[in-house]
Amino acid sequence: MAKLSVNINKIATLRNSRGGNVPNVVQFAKDVQHFGAEGVTIHPRPDERHIRYSDVYDLKPEIYTEYNIEGNPIPKFIDMVLEVKPTQVTLVPDAEDAITSNAGWDTIKHKDFLVDVIKEFKNNGIRTSIFVDPDLHQIEGAKETGTERIELYTEAYAHQYSLGNKEAIKPYMECAGLANALGVGVNAGHDLSLDNITFFKENITGLLEVSIGHALISESLYLGVENVIKMYLDKLK
């Protein structure tokens, strides 16, 4: 069974749009765990437009499942992760002005940089994962960085699946198979939803974890957070 980690960035976006502390990000993290989520994901960005750096510290004592912090490993981010020591750090090559994550690492071009950063995190007992496109060369490159896991960037799959193109799963199947053969764990995320998660999970060998935020929060507006989490858990069995 793949684990469900709930990305709570959108809750922080809603809070920040009004000021104050409603909805409460920490309480929401506590609630999703109570409802069955097996992890909480956050992605602080330098402009703090959703999750703030202070949230990262406030959340730490309240997350008793898995704490996954995503982000571009700029010095400020690295320092914060080393202080907080989450369960997992997921490295994402975001440009500072990116609305959302829109590409994986070039693990070949940035190999030396990734090797150094990953070594530092692993030396501090933090599991590492790197965000990658479904490309076999990038999976091979990821292995060379020393990362323990990859997170497959699933936007292309989600978009094509919505158009009825189930063949879009094939590169993900191939990449997951290669990662498994190389001893690298497989996570996935970006635009996964209740509509497409079952087909994805059924076809991806060794899927360990999915990180879902935007779709899960949007679906919860109609169905309720507790119901939606239970629906995801059922589909991930």
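1. The model is predicted, so local features need pLDDT of at least 70 and side-chain atom pairs count only at pLDDT 80 or more, while totals for chains, interfaces and linings use all residues. Residues are numbered from 1 along each chain as its sequence is written, and side-chain values use heavy atoms, with hydrogens and water left out.

2. The largest nonpolar core has 68 residues. A nonpolar core here is a set of buried Ala, Val, Leu, Ile, Met, Phe, Trp, Tyr and Cys residues joined through side-chain atoms within 4.5 Å. Buried means under 20% relative accessible area, exposed means over 50%, and partly exposed lies in between (1.4 Å probe, protein chains only). Leu 4, Ile 8 and Leu 91 touch the most other members of this core. Helix 4 (residues 75-84) gives the most to the core, namely six residues. Helices (H or I, at least four residues) and strands (E, at least two) are DSSP runs, numbered from the N terminus.

3. What does Leu 4 touch, not counting residues up to four places away in sequence? Its partners are Ala 37, Glu 38, Gly 39, Val 210, Ile 212, Leu 216, Ile 229, Tyr 232, Leu 233 and Leu 236. Contact means heavy atoms within 4.5 Å.

4. Helix 11 (residues 225-235) has Val 228, Ile 229, Tyr 232 and Leu 233 buried. These residues lie on the same side of helix 11, because they cover an arc of only 135° around the axis. The arc is that of the directions from the helix axis to the C-beta atoms. An α-helix has 3.6 residues a turn, so residues three or four places apart point the same way. The buried residues of helix 11 pack against strand 1 (3-7), helix 2 (25-34), helix 9 (197-203), strand 8 (207-212) and helix 10 (214-223).

5. In helix 2, the buried residues are Val 25, Val 26, Phe 28, Ala 29, Val 32 and Gln 33. Their arc around the axis is only 160°, which puts them on the same side of helix 2. They pack against strand 1, helix 1 (9-18), strand 2 (39-42), helix 3 (53-59), helix 10 and helix 11.

6. Helix 4 and helix 5 pack at an angle of about 20°, and their axes are 10 Å apart. Axes are lines fitted to C-alpha atoms, for helices over the stretch in contact, and angles run from 0 to 180 degrees between N-to-C directions. The two helices are therefore roughly parallel to each other (angles under 35 degrees count as roughly parallel, over 145 as roughly antiparallel, 65 to 115 as roughly perpendicular and the rest as oblique). On the helix 4 side, Ile 78, Val 81 and Leu 82 meet Val 117, Glu 120 and Phe 121 in helix 5.

7. Is Phe 121 buried or exposed? Phe 121, in helix 5 (residues 111-123), is buried, with a relative accessible area of 0%. Leaving aside neighbours within four places in sequence, Phe 121 is in contact with Ile 78, Val 81, Leu 82, Val 89, Leu 91, Ile 126 and Thr 128. Phe 121 and Lys 85 are 36 residues apart in sequence and 8.6 Å apart in space, C-alpha to C-alpha.

8. Ala 156 is in helix 7 (residues 155-162) and is partly exposed, with a relative accessible area of 47%. Ala 156 and Pro 134 are 22 residues apart in sequence, and their C-alpha atoms are 9.2 Å apart in space.
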